[in-house]
Amino acid sequence: MGQRHILHCDCNSFYASVEMQEHPELRGKSIAVCGDPEARHGIVLTASYPAKRMGVKTAMPIWEAEQHCRDLIVVPANYGKYQKYSSYVREIFRDYTDQVESFGLDEAWLDITGSLGLFGDPVKIAKEISDRIKRELGITVSIGVSFNKITAKFGSDYKKPDAITVIEPDTYKQIVYPLPVGDLFQ
């Protein structure tokens, strides 16, 4: 059996990206999609990149996030909307392979080993998927291209947002070994 070709696709700041797509007035602003504080779920579920640069992190209480980022716009979560976008993203994935393993609403592994003859090399497939998600849905995705699920996942986290990172069997040691083990699977 030859080398497998795995993509890990991770939608960038997914809930915040969907909100900015649906509400263009939020684009480029510091926003945090949060749970309902009245239901004791008052934490940040995801934040836009401007908010992240100010120190806003996932799972941070809203009050703390507002201390890090004084102009933070708190947006209530709308899971129905995120499920709809997630479904659209998976439809795009299934155009390239039927071997899609979801990891939450915003991430999935794609085994594209059997798809190369139809669509070209792994980087070409990753680029097409990235371009389609951006064009059709207005959100971005980071994609790791590798030979197994662990290094593909690492690749999608390695550069963000809107990046494609290739980790090959003969280069993964130079990329992965110098980093803390906790970075391997976040």
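Ground rules before the tour. Residues are numbered from 1 along each chain as its sequence is written, and side-chain values use heavy atoms, with hydrogens and water left out. Because the model is predicted, local features need pLDDT of at least 70 and side-chain atom pairs count only at pLDDT 80 or more, while totals for chains, interfaces and linings use all residues.

Helices and strands here are DSSP runs, numbered from the N terminus (helices: H or I, at least four residues; strands: E, at least two). Two strands pair if DSSP finds at least two bridges between them.

Take the three-stranded sheet. It is open, ordered S3-S2-S4, with mixed pairing. S3 (44-47) and S4 (73-76) are its edge strands, each pairing on one side only. Ignoring direction, neighbouring strands are turned by 30 degrees against each other on average. For angles, axes are lines fitted to C-alpha atoms, for helices over the stretch in contact, and values run from 0 to 180 degrees between N-to-C directions.

Look at S2, residues 31-34. It pairs with S3 in the antiparallel sense, over three bridges. Val33 has Thr46 in S3 as its bridge partner. Helix H1, residues 14-22, packs on this sheet and touches S2, S3 and S4. Contact means heavy atoms within 4.5 Å. The direction of H1 makes about 110 degrees with that of S2.

Now the five-stranded sheet. It is also open and mixed, in the order S5-S6-S1-S7-S8. S5 (100-102) and S8 (164-166) sit at the edges, each pairing on one side only. The twist averages 15 degrees from one strand to the next.

S5 pairs with S6 (residues 107-111) in the antiparallel sense over three bridges. Ser102 has Ala108 in S6 as its bridge partner. Helix H7, residues 149-158, packs on the sheet, touching S1 (6-11), S5, S6, S7 (141-146) and S8. Its direction makes about 35 degrees with that of S1.

Last, the helix pair. How do H4 and H6 pack? H4 (79-94) and H6 (122-137) pack at about 140 degrees, axes 10 Å apart. So H4 is oblique to H6: under 35 degrees counts as roughly parallel, over 145 as roughly antiparallel, 65 to 115 as roughly perpendicular, and the rest as oblique.

Who meets whom? From H4, Tyr85, Tyr88, Val89, Ile92 and Phe93 meet Ile129, Arg132, Ile133, Glu136 and Leu137 in H6.
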